[in-house]
Amino acid sequence: MLKPLRQGLPPLDPAAVSDAASCALPARYEAVREARRFTRDTLDKWDVGDRFDDICLVVSELVTNALRHAVPADPCRADEHHPSVRLHLMRWTERLVCAVRDPSHETPVPRDSDDFSAESGRGLFLVDSFADSWGWHPLAGALEGKVVWALFRLKTAG
């Protein structure tokens, strides 16, 4: 498996974004369910079609990883004005990007494991398997932390 440790997004023209949506997620595990619901509702509106299940699975994994590995143990550090985790969905004509922002500066690292019966540790393997590409980058300016993203190619009507 490729180990995209510090990649930026492939060139995408921000002016060409046809749709974008984001939501703040609380620092608790119920946020994974909230992220799936938000993603499902958003993708229904955007009529994404054949990538729907892949995108929802990857969003679940990215949010789970952010909550498990990137959110501080003290949830009081996050408040409604500065949420711990934020999910962004951006759609271009032929691409969709799911990005999860979290407060950690730690590099997301896929675990090497031969134990396929393990209950956890395969999140980034699933992201790598279902997304067309993925990576992460540190946030700049006043924002602390990083963004882990996954890109999906979409079929166009025609």
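Is Asp-47 buried or exposed? Asp-47 counts as exposed, because its relative accessibility is 66%. Here exposed means over 50% relative accessible area, buried means under 20%, and partly exposed lies in between (1.4 Å probe, protein chains only).

This is a predicted model: local features need pLDDT of at least 70, side-chain atom pairs count only at pLDDT 80 or more, and totals for chains, interfaces and linings use all residues. Residues are numbered from 1 along each chain as its sequence is written, and side-chain values use heavy atoms, with hydrogens and water left out.

**Helix 1**

Helices (H or I, at least four residues) and strands (E, at least two) are DSSP runs, numbered from the N terminus. Helix 1 covers residues 30-46, which is 17 residues. At 1.5 Å a residue it should span 24 Å, and its end C-alpha atoms are 25 Å apart, so the two values agree. The expected span is 1.5 Å times one less than the number of residues.

The buried residues of helix 1 are Ala-31, Val-32, Ala-35, Phe-38, Thr-39, Thr-42, Leu-43 and Trp-46. They cover an arc of only 125° around the axis, which puts them on the same side of helix 1. The arc is that of the directions from the helix axis to the C-beta atoms. An α-helix has 3.6 residues a turn, so residues three or four places apart point the same way.

What do the buried residues of helix 1 pack against? Their partners are strand 1 (19-25), helix 2 (52-70), strand 2 (85-91) and strand 3 (95-102). Contact means heavy atoms within 4.5 Å. On the other side of helix 1, Arg-33, Asp-44 and Lys-45 are exposed.

**Three single residues**

| Residue | Relative accessibility | Class |
|---|---|---|
| Asp-47 | 66% | exposed |
| Asn-65 | 17% | buried |
| Arg-91 | 17% | buried |

Asp-47 lies in the loop between helix 1 and helix 2. Its phi is positive, near 55°, in a residue other than glycine. Most residues other than glycine have a negative phi.

Asn-65 is found in helix 2. Leaving aside neighbours within four places in sequence, Asn-65 is in contact with Ala-70, Gly-123 and Leu-124.

Arg-91 lies in strand 2. Its side chain makes a polar contact with the side chain of Asp-19 (2.3 Å). A polar contact is a pair of N or O atoms within 3.5 Å; within protein, one must be able to donate a hydrogen and the other to accept it, and residues adjacent in sequence count only if both atoms are side-chain atoms. Not counting residues up to four places away in sequence, Arg-91 touches several residues, including Trp-46, Val-48 and Leu-154.
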